[in-house]
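Reader: Hi! Could you walk me through this model before I set anything up?
Author: Happy to, here it is.
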Amino acid sequence: AEPMLVLKIKSLAKKHGLSPSGKNQMIEELLPFLRKMKGVTRDASISEIASRLAVNENLIRELLDKNSSQQEAIRKTPVRNHISILLRDLIWLSIHHPEEVRPLLDDFNPSLISVNPQILLLLARLMQGVSINDILKDMEAQEEMRRLLLEMVMLNDLYEAEKVTFATKQILLRMELGSLERSLSQKQHDLSLVDIQTDINQYLTLLQELQRLRVQIDEQRRKIKYGTESETTHEGDCNAS
């Protein structure tokens, strides 16, 4: 039998291909496996990946170090410093009305909710039906998360029961809108750096991408507007963007 790492590499190669972008995606998906390894095992695994993908080992090590640093920064950042009104409300809804929220989150992209793994784990466990007491026991070393969870548990009147489904849909729509707007801002920045005289193809490609994003943003705003016209939502939900 082939080692698990080799099987994983072959599976990812079929999924993403061996183009430069495909290799980048493969390495990104292999980083969590490498983070779990130590010493000689990690070094051997990095060498194996580099050999099979025909890339420099140092590239993998740099990405691994960068990824680990980002994860550590997220872990050390107080949770409240990056809890938006939308995210706070979604956590509250997941605690008090999990049955209504669960089907709406099933097909939603987690990366649009938060980049904090603690937040995503909390939501996942709530959707799995894990009791609040059990979650709190597992959070003994996470003071900020425990405090946030307890505050949301004790808050009883954020949304009326009959508005829960609509409010959740609005929150997810606004999270998607925020992601699109951030992508638009990044593309506008990228476009400003392109020299149209020397790279007309890249300039035109970015223009097309900007137009596509603007169409998506307009459509997303229409979805939110038509929803809010048919029903009244919680004030924090309506005003957040």
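Reader: Which residues of H1 are buried?
Author: Leu5, Val6, Ile9 and Leu12 are the buried residues of H1; buried means under 20% relative accessible area, exposed over 50%, and partly exposed in between, with a 1.4 Å probe and protein chains only. They span an arc of only 130° around the axis, so they sit on the same side of H1; the arc is that of the directions from the helix axis to the C-beta atoms.
Reader: And what do they pack against?
Author: The buried residues of H1 pack against helix H2 (20–35) and helix H3 (39–53), where contact means heavy atoms within 4.5 Å. On the other side of H1, Met4, Lys14 and Lys15 are exposed.
Reader: Before I go on, what should I know about the source?
Author: This is a predicted model, in which local features need pLDDT of at least 70 and side-chain atom pairs count only at pLDDT 80 or more, while totals for chains, interfaces and linings use all residues. Residues are numbered from 1 along each chain as its sequence is written, and side-chain values use heavy atoms, with hydrogens and water left out.
Reader: Thanks! How many helices and strands are there in the protein chain?
Author: The protein chain has 12 helices and 0 strands; these are DSSP runs numbered from the N terminus, helices being H or I with at least four residues and strands E with at least two. Buried residues make up 34% of the 241 residues.
Reader: Switching to charges, how many salt bridges does the structure hold?
Author: The structure holds 13 salt bridges, each a side-chain nitrogen of Lys or Arg within 4 Å of a carboxyl oxygen of Asp or Glu.
Reader: Which residue does Lys15 form a salt bridge with?
Author: Lys15 pairs with Glu29, and their closest N and O atoms are 3.6 Å apart. This pair links distant parts of the chain, with Lys15 in helix H1 and Glu29 in helix H2, 14 residues apart.
Reader: Is Glu29 buried, partly exposed or exposed?
Author: Glu29 is partly exposed, because its relative accessible area is 23%. Lys15 counts as exposed at 57% relative accessibility.
Reader: Nice. Where do Glu99 and Arg102 lie?
Author: Both are in helix H6 (residues 98–105), 3 residues apart, about one turn of the helix.
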